[in-house]
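This report describes selected contacts of aromatic rings in a protein chain. Please view the structure shown below before reading on.

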Amino acid sequence: MPARSEETRTRSKSKHAVCRALEDHHVTMGGLPLRNLFADDPARGERMTAEAAGVYLDYSKNRINDETLKLLIELAEQAGLRARIDAMFRGEKINVTENRAVLHVALRAPKGASIIVDGQNVVPQVHAMLDKMADFANRVRSGQWKGHSGKRIRNVVNIGIGGSDLGPVMAYEALKYYSDRAMTFRFVSNVDGTDFVEATHDLDPAETLFIISSKTFTTLETMTNAQSARDWSLRGLGGDAKAVARHFVAVSTNAEKVAEFGIDTANMFEFWDWVGGRYSMDSAIGLSTILAIGPDHFRAMLAGFHVIDEHFRTTPFGRNLPVLMGLLGVWYNDFWGAQTVAVLPYDQYLKRFPAYLQQLTMESNGKHVRLDGTPVDTNTGPIYWGEPGTNGQHSFYQLIHQGTRLIPCDFIAFGQALNPLGRHHDMLLANVFAQTEALAFGKTPEQVKSEGTPDWLVPHRVFEGDRPSNTILMDRLTPAALGKLVALYEHSVFTQGTVWDIDSFDQWGVELGKVLAQRIIPELESKPEPKLGHDSSTNNLIRRYHKLKGET
């Protein structure tokens, strides 16, 4: 990484000046309860909102005022957010540690668009792969694609890990309403054999298609599960190795390894090194998604992604949904000391969305050095977690309401139910609005006393309030809506990474454990026990494992 330019040093000084102003401003805001902010500004609830492409964001229940927003936007400007957005969309190699472009936005660019990487427009490649995926999906869904024994495919098992699993799993669950219910979809990621055994125990190998998703086709967990899938299939199909080509397809870039496995490379779906794993659910990694919901719905999801991409790229920061969300996250992380963010979707179909966001946010921004390799001077990458409402209300909401930690919350809800059932949806949305109101305004000791509560019990029933939240409202959970929602968080993560001056698109932190595991595996498989050279704890654990296996 080259040394910082004079322009960069000047911008850094200006950014630090804004940070100092925000630190002083935080002291002021700490003494202004949300009750007062709303009382002093009766229109606050209508004014502190933003809307784009059918996504409505109410951010009025945050510990902010107009001065906060002004300073946060200035922080984004001094961090060079506009220039970095433009650089990403131009295909510049902003992933500096891997010298790669960052172009998940190209995966949903319309035909005719031009995004250049190394002198080549990548959009035609994207659409050629999308057409190949659509053709394959149509053949499988129609029954034209047959298994080795001539039976149609009724079961699809996606084998991957990380971004090759979390995105497909989340998308399948989120869009299950639109899926082909004549087909069964399963997902295997964990190298724990239980994951594979439970996913396949009631399936017929003659009717099962496996998608092996690994860019290099060497990922340890994925290829271990893939080999078990191959063995399982051949056992059920008479042992003919030719059967592999009718029951396995690959999402990969390593044609040689794919062919060695027995997969016809004509059924290999490629993606590119400018697509990070956690940003890949709308690439060929989404093959299971397009098989489940069909090409038309998949393209609608891509269109949803794209409309938020364009909103992020072109809209002034003060009305830019991902920028506002990202900056609010910086506000709580850097100046209020918040360590976590709760994402609370009030839609059962989004039950895997918080887990998906965990990789997107924490693998992206869990970094300890800046782009130039120097240590960061603030915390980065808050912990994301959550659970669908209303389930969470009967477990961890107690901590959010009355605990000692500040936990900003994102509530996600839809105006129309996909499965209308009596009063259910009204009750669901009533809980969304009630929870955000309770978190913001709480319940004072005077209010508790006025209910006749004994003095000794009053402290236990007081809600301090001033717990911040965003509310994201959309019409209904369609494929397009899911694309918009994911893009919203992708670009929010980008905004935060830019402010923190970190590389949000590498993930070196996942490497060391994998390297050490490769060293330990033969030590666990060896008979007799090998000479060990780890620390005393690791050596002792390895010896204990050999005893548990009954080998010593």
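In this model, the charged end of Lys132 lies over the ring of Phe269, at 5.0 Å from the ring centre. Likewise, the charged end of Arg246 is placed over the ring of Trp145, 4.1 Å from its centre. A charge sits over a ring if NZ of Lys or CZ of Arg is within 6 Å of the ring centre and within 35 degrees of the ring normal.

The model is predicted: local features need pLDDT of at least 70, side-chain atom pairs count only at pLDDT 80 or more, and totals for chains, interfaces and linings use all residues. Residues are numbered from 1 along each chain as its sequence is written, and side-chain values use heavy atoms, without hydrogens and water.

The whole structure contains 25 aromatic pairs. Rings of Phe, Tyr and Trp (its six-membered ring) pair if their centres lie within 6.5 Å; planes under 30 degrees apart count as stacked, over 60 as edge-to-face and the rest as tilted. Two edge-to-face pairs are listed here.

| Pair | Centre distance | Plane angle |
|---|---|---|
| Phe217 and Phe261 | 5.9 Å | 90° |
| Tyr397 and Phe411 | 6.5 Å | 85° |

Both Phe217 and Phe261 are buried, that is, under 20% relative accessible area, where exposed means over 50% and partly exposed lies in between (1.4 Å probe, protein chains only). Tyr397 is also buried, with a relative accessible area of 3%, and Phe411 is buried at 0%.
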